[in-house]
Amino acid sequence: TGGAITGSSLTVSTGNISGGNINNNNTTGVGNIGTSTVTFNTVFAKATSAQYADLAENYAADAGYAPGTVLEFGGVNEVTLATSGTPRVAGVITTNPAHVMNSAIKAEHVATIALTGRVPTSVVGTVRKGDMMISAGNGQAQACSTPAIGTVIGKSLENFDGEAGVIEVVVRS
């Protein structure tokens, strides 16, 4: 009460720390709170940026799918492998989202699908930067200059001239 605590660590086994400021003496203001095994229930903070590239949501899937796979709404569960040109496109399995919604879902297979942002995507055929991407079937995307409503996954951020590969696509739902 009414003073400062100095030293390399502070441990509180019961009770609360309240009032004032917590300073880690790091002039950059960078630090971690919690660990992978010791988490916080609610964190009140302000975030103005993220180092990751997309916003995602978890869905119950028919199987386990690799990152970059294009899925559609349907199948036995909520999402399944996308068919060619489907208007039921759900999105792309993400690799490293900034935020994941529906994190408490219970399912045998959970698919984390990018809803918006940039995500590595499995593609086939020739693609030019800015091309609209639709499902090519078999979980892959392809460029399309005249897509039907509901079929667009997003727009390509890269050129691609191979038969099959992975490029970044800006996903929009």
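Start by selecting Arg128, in the loop between strands S6 and S7. You are looking at a predicted model. Arg128 is partly exposed, with a relative accessible area of 34%.

**Stop 1: around Arg128**

Show what surrounds Arg128. Leaving out residues up to four places away in sequence, Arg128 touches Ser156, Glu158, Asn159, Phe160 and Asp161. Pick Ser156 from that list. Arg128 and Ser156 are 28 residues apart in sequence, yet their C-alpha atoms are 6.9 Å apart in space.

Now select Asp161. Arg128 forms a salt bridge with Asp161, and the closest N and O atoms are 2.5 Å apart. Arg128 lies in the loop between S6 and S7 and Asp161 in the loop between S9 and S10, so the pair ties together parts that are 33 residues apart in sequence. Is Asp161 buried or exposed? Asp161 is exposed, with a relative accessible area of 58%.

**Stop 2: the other salt bridge**

How many salt bridges does the count come to? The count comes to two. For the next one, select Arg118 and Glu168. Their closest N and O atoms are 3.3 Å apart. Arg118 sits in strand S6 and Glu168 in strand S10, 50 residues apart, so this pair too links distant parts of the chain. Arg118 is partly exposed at 41% relative accessible area. Glu168 is partly exposed as well, at 24%.

**Stop 3: Ser122**

Stay on strand S6 and select Ser122. Ser122 is buried, with a relative accessible area of 16%.

**Stop 4: the largest nonpolar core**

Next, select Val70, Val92, Val123, Met133, Ala141, Ile153 and Ile167. The largest nonpolar core has 15 residues, and these members touch the most others in it. Strands S4 (89–93), S6 (110–124) and S10 (164–171) each give two or more residues to this core. In soluble globular proteins, nonpolar side chains tend to be buried together.

Zoom in on Ile167. Which residues does Ile167 touch, not counting those up to four places away in sequence? The list is Val119, Pro120, Thr121, Val123, Val127, Ser156, Glu158 and Phe160.

There is a second, separate core of nine residues. To find this second core, select Ala61, Val79, Ala90 and Leu115, which are among its members.

**Stop 5**

Select strand S7, residues 132–137, and strand S9, residues 154–156. S7 and S9 run antiparallel and are joined by two bridges. Met133 stands opposite Gly154 in S9.

Gly137 has Gln140 in S8 as its bridge partner.

Look at the turn. S7 and S8 form a hairpin with two residues between them. Select Asn138, which lies in the loop between S7 and S8. Its phi is near 55 degrees, a positive value in a residue other than glycine. Asn138 is exposed, with a relative accessible area of 62%.

**Stop 6: Asn102**

Which other asparagine is worth a click? Select Asn102, in the loop between strand S5 (99–101) and S6. Phi of Asn102 is near 60 degrees, again a positive value in a residue other than glycine. Asn102 counts as partly exposed, at 36% relative accessibility.

**Stop 7: the aromatic pair**

Select Tyr59 and Phe73. The count comes to one aromatic pair. Tyr59 and Phe73 form this pair edge-to-face, 5.9 Å centre to centre, with 75 degrees between the planes. Tyr59 is in strand S1 (residues 54–60) and Phe73 in strand S2 (residues 70–73), so the pair links parts of the chain 14 residues apart. Phe73 is partly exposed, at 38%.

**Last stop: Thr80**

Finish in strand S3, residues 79–81, by selecting Thr80. Thr80 counts as buried, at 16% relative accessibility. Its contacts, not counting residues up to four places away in sequence, are Asp62, Tyr65, Leu71, Glu72, Gly74 and Gly75.

Terms used:
Residues are numbered from 1 along each chain as its sequence is written. This is a predicted model: local features need pLDDT of at least 70, side-chain atom pairs count only at pLDDT 80 or more; totals for chains, interfaces and linings use all residues. Side-chain values use heavy atoms; hydrogens and water are left out. Rings of Phe, Tyr and Trp (its six-membered ring) pair if their centres lie within 6.5 Å; planes under 30 degrees apart count as stacked, over 60 as edge-to-face and the rest as tilted. Helices (H or I, at least four residues) and strands (E, at least two) are DSSP runs, numbered from the N terminus. Buried means under 20% relative accessible area, exposed over 50%, partly exposed in between (1.4 Å probe, protein chains only). Contact means heavy atoms within 4.5 Å. Two strands pair if DSSP finds at least two bridges between them. A nonpolar core is a set of buried Ala, Val, Leu, Ile, Met, Phe, Trp, Tyr and Cys residues joined through side-chain atoms within 4.5 Å. A salt bridge is a side-chain nitrogen of Lys or Arg within 4 Å of a carboxyl oxygen of Asp or Glu.
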